Amino acid sequence: MTRKNFGRNDLLLILGIFAAAVLMLAAYTRYMSRAGTPMLEITVDNRLYGTYDLKHDAVIKINGTNVCEIKDGAVRMISADCPDQVCVHSVPITANGGSIVCLPNRVVLKIVNARDSGSSSDSRNTGAYNSGSSSEQEPDSTDTSSGQEPDDTDTSSGQDRQDTGTSSDSASSVPKIDTLAE
Amino acid sequence: MDRNHKSKRTAYLGLLTALAILCGYIESLIPFNFGIPGIKLGLCNVVILIVLLLFGWREAVLVSAARVVVIGFLFGNLFSIAYSMGGAMLSILVMTLLIRTGKFHETGISAAGGAAHNIGQILVAYLVTPDLPLLWYLPILMIAGLITGILIGIALWAVLLRVRGLFSL
């Protein structure tokens, strides 16, 4: 072993790892800025069905039971095969938040990262990042109750209770990160 | 003669294991908190690298596993043992490969080892907690590992200058 401690190869190695880290950070911030925009999230039976951009007009068929439409940044249910048609008569939801629920088919249309709830979006973003694998539903009771028609309030609160159950599950896993401090 | 050699080797490894555990103890006394969990100086890596350079990777794995378990039981919990074990093993793997190439010096090897340690640690944590924002933690811990690894590499170089002659095998 020489008395030399540092060479050109070492510098390249360190710079290489540093560059990889910076690239990852850049990718992350880019992802976060995209995830920070309001999106329509459709869940069926508490499972994520799809996430859609509000900017692009679209007609989305949901499992053959419901059809919803994105038009001019507003989302509404066009048709449903259920008898009560509560969701079809719901007020359209926009980037400002809210949700439309079809209880008979367990279909939930919800705006994630809504503009007026920016402060609480942190934990939800991390959940959305992993939603592909864990298919976890992000609960937000305030959204559901605010954008709801009066007819639906008692049934939707039942939905909320289920959601809070899943939220405490995911919250309990957070303290484990602290044990990393070793 | 061969037997003498073997017992000498065992004694040195025991000594170095104790030293690594002691480093972990000293480290637990220093509050070294950047607000991000998982960042620490990694003094043990000086000892692990000495073992790696002067003995070999098998010995380094043994010493490292022993100190992770002991330090984990003394100052941490089962989770921290799992995290550290993942980090320690990945770190030894990377450092061994870098030493084999013969193209790198202590600082580079130690820096890459520090980054690898944090990568292994966060990967184990990710297996335990899939909700972890991996893309956020990973680069920060990698850069932190680089910085502490460079510091450790400099310390290692200073130690090796004085200590190398001691381990006459």
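Which residue of S4(A) is the bridge partner of Ile62(A)? Asn66(A). Keep in mind that this is a predicted model.

Strands S3 and S4 of chain A run antiparallel, and 5 bridges join them. S4(A) covers residues 66–71. The whole sheet is open and has 3 strands, in the order S3-S4-S5, all in chain A, with antiparallel pairing. S3 (58–62) and S5 (74–80) are the edge strands, each pairing on one side only. From one strand to the next, the twist averages 20°.

Now the cores. The largest nonpolar core has 49 residues. Which residues have the most contacts inside it? Val47(B), Ile48(B), Ala112(B) and Met142(B). From chain A, helix H1 (8–35) supplies at least two residues. From chain B, helices H1 (2–29), H2 (44–54), H3 (57–75), H4 (78–101), H5 (106–128) and H6 (134–163) each supply at least two as well.

Take Val47(B) on its own. Leave aside its neighbours within four places in sequence, and Val47(B) is in contact with Leu16(B), Leu19(B), Ala20(B) and Cys23(B). There is also a second, separate core, of 21 residues. Leu54(A), Ala80(A), Val86(A) and Val112(A) are among them.

Last, one helix pair. Two packed helices are described by the angle between their axes and the distance between the axes. For H4(B) and H5(B), the axes come within 7 Å and cross at roughly 145°. H4(B) passes H5(B) in a right-handed crossing. What residues make up the contact of H4(B) with H5(B)? 18 nonpolar, 9 polar and no charged.

How values were computed: Residues are numbered from 1 along each chain as its sequence is written. Chains are lettered from A and ligands numbered from 1 in the order in which they are written. This is a predicted model: local features need pLDDT of at least 70, side-chain atom pairs count only at pLDDT 80 or more; totals for chains, interfaces and linings use all residues. A nonpolar core is a set of buried Ala, Val, Leu, Ile, Met, Phe, Trp, Tyr and Cys residues joined through C-beta atoms within 7 Å. A residue is buried if 20 or more other C-beta atoms lie within 10 Å of its own, exposed if 12 or fewer, and partly exposed in between; C-beta atoms are placed from the backbone. Helices (H or I, at least four residues) and strands (E, at least two) are DSSP runs, numbered from the N terminus. Two residues are in contact if their C-beta atoms, placed from the backbone, lie within 7 Å. Two strands pair if DSSP finds at least two bridges between them. Axes are lines fitted to C-alpha atoms, for helices over the stretch in contact, and angles run from 0 to 180 degrees between N-to-C directions. A crossing is left-handed if the near helix is turned anticlockwise from the far one by less than a right angle, and right-handed if clockwise. Ala, Val, Leu, Ile, Met, Phe, Trp, Tyr, Cys and Pro count as nonpolar, Asp, Glu, Lys and Arg as charged, and the others, Gly among them, as polar.
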